[in-house]
Amino acid sequence: MEFIFEGILQAFVLLWGADAETLSAVTATVKVSSASMAVSLVLGLPLGFWLGYHRFPGKRAVRTLVDTLLSLPTVLVGLIVYALISQRGPLGPMGLLFTLPGIAVGQAILALPVVVALTATAVESMDRQLSVTLRSLGADRRQLLLSTLWEARFGILAAAVTAYGRVMTEVGISMMVGGNIKWHTRTMTTAIALETNKGMFAMGVALGLVLLAIAFAVNISVSFLRRHAR
Amino acid sequence: MSRRFPILGFAAVFALVLLAVAGSAHAQQTLMMATTTSTDDTGLLDYLVPEFTRDSGIELKWTATGTGKALKLGENCDVDVLLVHAPPAEQKFVADGFGINRRQVMYNDFVIIGPAADPAAIKGKSVREALSAVREKQSIFTSRGDKSGTHQQEMALWRDTGGPIPEKEPWYVQTGQGMLNTINVAAERNGYTMTDRGTYIKYEANHQGNPPLKILVEGDQILLNQYSVITVNPTRCANAKVDLADTFAQWMAGERGQKLIGDFKLLDKQLFTPNAQ
Amino acid sequence: MNPTGAPLFHLEAVEHHYAGRRVLAVAHLRIAPGTIVGLMGPNGSGKSTLLRLLGFLETPSRGRILFKGRPAAPFDPRIRGKVTLLPQDPYLMNRSVADNVAYGLKLRGGREKTEPRVQEALAAVGLAPERFARRPWYALSGGEAQRVALAARLVLEPQVLLMDEPTASVDAESAERIRQAALTARARWGTTLIVASHDWSWLFEVCDEVWHLFAGEVFPTGTRTFFPGPWEPGPEGRWRRRLADGQHLAALPGKNPAAAAVIDSRNLMLSRTPVPEAGLTILAGTVLRLALIRRSAKVVATLAVGELTLTAILDPEALKAQTLIPGDPIHVAYRAEDLRWVDSPGAD
C-alpha cells in the first residue's frame with residue numbers, strides 16, 4: 001500500500017525535476033497520440049458525417065459494425081499492424097516497425113471507430129431541418145459537411161476527447177508495434193508496464209499520475225475551446 | 001483562419017505534428033536487438049549498451065520481451081540480433097535456418113524459492129527431489145505460464161522429475177505475467193516458484209533484505225541459465241545488418257564485454273557469469 | 001431576367017415516393033417568373049414535398065423539373081443561393097442572429113461587406129439590428145426566430161422564395177412583417193414567391209394563383225372543394241356518402257369507393273332557401289367566412305356542411321343580392337355530373 005503514497009511523491013519529483021527519461025516518454029506519448037488523433041479525425045469526421053447524414057441500405061449493419069469496433073482489443077490491433085509492417089509483412093519496406101509513426105498507425109485504427117461512431121451519432125441527433133436550412137442558404141456539399149460538423153461541434157469534441165483518452169492510455173499497440181525502446185518508442189504506458197514488471201510499483205504509480213496530468217492538461221484546453229466555440 | 005473552417009485548421013496543425021513525428025525517425029548505424037525481459041529488468045543492458053556504443057559507434061536499440069516473441073521477431077526479420085536464454089528453442093531456431101552464429105556469452109542461474117516454513121520440506125534437496133515433493137504435497141506452485149525462457153526452463157525441470165508437467169492441477173498456478181508478479185503471487189498464496197536469481201535479488205531488495213519467500217534450492221547444474229547471442233539469417237533477411245550484429249556478438253564475447261558482464265552488480269551481488277568460449 | 005421566355009419552373013410528369021408510397025404526382029406544371037403562387041390543401045396533401053422538389057432539395061422519383069428551361073439537380077450552382085426554402089420550423093444555427101443571417105452571404109464568399117446587408121435584412125423583417133444582431137440563437141421568440149430565418153434568405157436577394165406555412169405558428173405582428181418582407185422582395189428583385197399556407201390573407205389577398213393540393217395531386221388555377229370517401233351505393237344507381245349530420249352527398253358511380261371526388265368551386269351554387277330541381281343535390285350548411293380574391297375581384301366563401309368545409313366562388317353582385325354574412329344558414333347545390341374522381345395515391 002505504501003508504494004501508492006511513495007508514487008504520488010515520486011510523481012512530483014519527476015515532474016518538478018523534468019526527469020529526462022520521463023520527459024522522453026511524455027514527448028513520445030504526446031507526439032504519437034496527437035499524430036494518431038490527427039489521422040483518425042481527418043478520416044473519421046467525414047466518414048462519421050457520411051454515416052450519420054445519409055440513409056442507405058445496410059446502414060444499420062454498418063452502424064453495428066462500427067459500434068462493435070469500439071471494443072476493438074488493443075492487442076489485436078497491435079498484432080494486425082505488426083503483421084502488416086513486419087519486415088516479412090506487405091508494408092515491411094516502409095520501415096515502420098519499432099517507430100512512433102508505426103504506433104500512430106495502430107492507434108489511429110483504434111481511434112477511428114470512436115471518432116466515426118460518435119460523430120455519426122452527433123450528426124444524426126442534429127435537427128432534420130439543419131440540412132434543409134444549410135442547402136437553402138446555398139451550401140455546396142463541402143460547406144454542408146463543414147457546417148454540419150461545426151453545428152455538431154460539442155458532440156464531436158466529446159468524440160475527440162474520448163478517442164484521445166483511448167489512444168493515450170492504450171498499451172497493447174505501443175508495446176507490440178513500438179517495442180518499448182528506450183529514448184525512442186517508450187511511451188508513458190509502456191514505461192508503466194516496464195516499471196511494474198521490474199517491481200518498481202511506486203515508479204509505475206508515479207508515471208501513471210504523470211499520464212493523468214497530461215490528460216488533465218488536454219481536457220483543460222478542450223473545455224477552454226468549448227467555452228470559446230459558442 | 002475563418003471560423004467556418006475550424007476542421008481544416010485542426011487538420012493543418014496535426015499534419016505538422018505528423019511531420020514532426022515522422023522526421024524524428026532518423027537513420028544512422030543502428031542495430032536492432034530483441035532480448036528477454038530479464039536483461040532489461042535487471043539493468044544489465046542500460047549498463048552495457050552505452051559502453052558498446054562508445055567502443056563501436058553503433059547505436060543499439062533493443063526491445064525486451066518474452067523469449068518466444070523475441071525469436072518470432074527474429075524469424076520475421078524485424079530485428080538483427082537476439083540475446084536470449086532458451087537453449088533448446090535457440091537450437092531449433094538455428095536448425096530451422098532462422099539464425100546463424102549462435103554464441104554463448106554468459107549465464108545466470110535459477111533458484112527455487114518458497115515460504116520460510118517450507119511446507120513441502122524441499123530445502124537443500126536436489127531440484128528433482130524438491131519438485132517431486134511439491135507435487136506429492138500438492139503445495140502451491142506458481143508458474144509464469146507464458147512460454148518465456150524462464151517458463152521453458154521450469155518445464156524442463158518438471159520433465160526431469162519423470163512425471164507429467166503440471167497443467168490444470170489446482171495447486172499449480174499459471175500467472176501469465178512477469179517474473180516479479182509471479183513471485184508476488186507465490187508470496188500471496190504462500191507457495192513455491194522458480195525464478196532467476198537477478199529478479200530474486202530485486203525482490204529481496206524490495207523487502208529490505210527480509211522477504212517472505214526464501215531461496216530453498218540452488219546450485220544444481222540443471223538450474224544454470226545460458227544466454228546466447230544469435231544473428232538472424234541474412235539469406236532470409238536481406239535487410240539484416242549482419243556486420244553490426246557480428247560486431248556486437250564479438251564485443252559481447254570479447255575480453256571487454258566479458259569483463260563488464262562479470263563486473264555488473266545488483267545490490268552488491270553478481271548476477272551474470274561470463275562464459276564465452 | 002429570363003430572356004429565353006421559358007417558364008421559371010417547368011414540371012414534367014413528376015412523381016415522388018417516400019418509402020414506396022406515392023406522395024406527389026404532377027403531370028404538368030409551369031410557374032412564370034415573378035408570380036406569387038399559393039398552395040392550399042390539407043395536411044399531408046403534398047405541399048411540403050412540392051416545395052422541397054421546387055427548392056431542388058430532393059430529386060423527384062420520376063419525371064423532371066426544369067429551371068429556366070434546363071434541368072437542375074440538388075447542389076446545382078444555378079440554383080444554389082438563388083432558390084431558397086423557408087421551412088415551417090426554421091433551424092437557426094448555433095451562433096448569433098447576425099451570423100445566422102450572414103451565413104449564406106459568407107458561403108458565396110464575395111468580397112462585399114456583409115454587415116450593412118445583414119442589418120438591412122434584419123430591418124426588412126422588422127427586427128432592429130442594434131437589438132437583435134448580437135443575440136444568440138436561443139434568445140428569440142418563435143416569431144422572431146422565423147423572421148431571422150426569413151432575413152437569412154432575403155439577404156441573398158433570391159430569385160425564388162419558397163415558404164412552408166411561414167405564418168402558421170407566429171404572432172400577428174410577426175405574420176404581418178413576414179408578409180410585407182416577402183412582398184417587398186418581389187417588388188425589389190422580382191422574386192417569385194411560392195407559399196404553402198392555410199392563411200386566407202395570403203391565399204386570396206396576395207397570391208396571383210392558388211393551387212389546390214389533395215392527396216398528392218395538384219389542381220392548378222382555381223379553387224376546388226373535395227368530397228372524401230368512403231362512398232356506398234345509393235338510390236337511383238348513384239353513389240352516396242353519409243355526412244356526420246345525416247345528410248348525403250351524391251356522386252355518379254366511380255371505381256374506388258375510398259376515392260375522393262372533386263368539384264370546381266364555381267360549380268357550387270348558393271342560396272338562402274333550397275330550390276329543388278331534378279339532378280341537383282342540395283345540402284344545408286353554415287357560412288363560415290367570406291374573402292375577396294384580389295386578382296379576380298370575386299369572393300371566396302367557406303361553408304361548413306356536416307363535417308366538411310366547402311369552398312365556393314361567388315360574384316360580388318350575387319353576394320350583395322343575397323346579403324350573406326358569416327354565421328348565416330345556407331344551402332349548397334351541385335350536379336353530380338360536375339364531380340370528378342380523384343384517384344387517391346394513398347389508397348392504392
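**Note on chain C: domains and overall fold**

1. Chain C is divided into domain 1, which covers 9–91 + 144–218, and domain 2, which covers 222–347. The model is a predicted one, and the points below should be read with that in mind.

2. The centres of domain 1 of chain C and domain 2 of chain C, taken over C-alpha atoms, are separated by 28 Å. To the contact between them, domain 1 of chain C gives twelve residues, while domain 2 of chain C gives 15 residues.

3. On the side of domain 1 of chain C that touches domain 2 of chain C, strand 2 (21–31) and strand 9 (209–214) of chain C each supply at least two residues. The largest share of that side comes from strand 9 of chain C, with three residues. Sorted by class, this side of domain 1 of chain C holds six nonpolar, two polar and four charged residues.

4. As to secondary structure, chain C contains eight helices and 21 strands. Among the contacts in chain C with a separation of 6 or more, 69% are accounted for by residues 24 or more positions apart.

5. Along its principal axes, the C-alpha trace of chain C spans about 75 × 45 × 40 Å. The radius of gyration of chain C is 22 Å, which agrees with a compact globule, because a globule with 348 residues would have a value near 20 Å.

6. Of the 348 residues in chain C, 41% are buried.

Technical notes: Residues numbered from 1 in each chain as written. Chains lettered and ligands numbered in written order. Predicted model: local features only at pLDDT ≥ 70, side-chain atom pairs only at ≥ 80, totals over all residues. Helix = DSSP H or I, 4+ residues; strand = E, 2+ residues; numbered from the N terminus. Rg over C-alpha atoms; globule rule 2.2 N^0.38 Å. Buried ≥ 20, exposed ≤ 12 C-beta atoms within 10 Å, placed from the backbone. Contact = placed C-beta atoms within 7 Å. Domains from an automatic or database assignment. Nonpolar A, V, L, I, M, F, W, Y, C, P; charged D, E, K, R; others polar.
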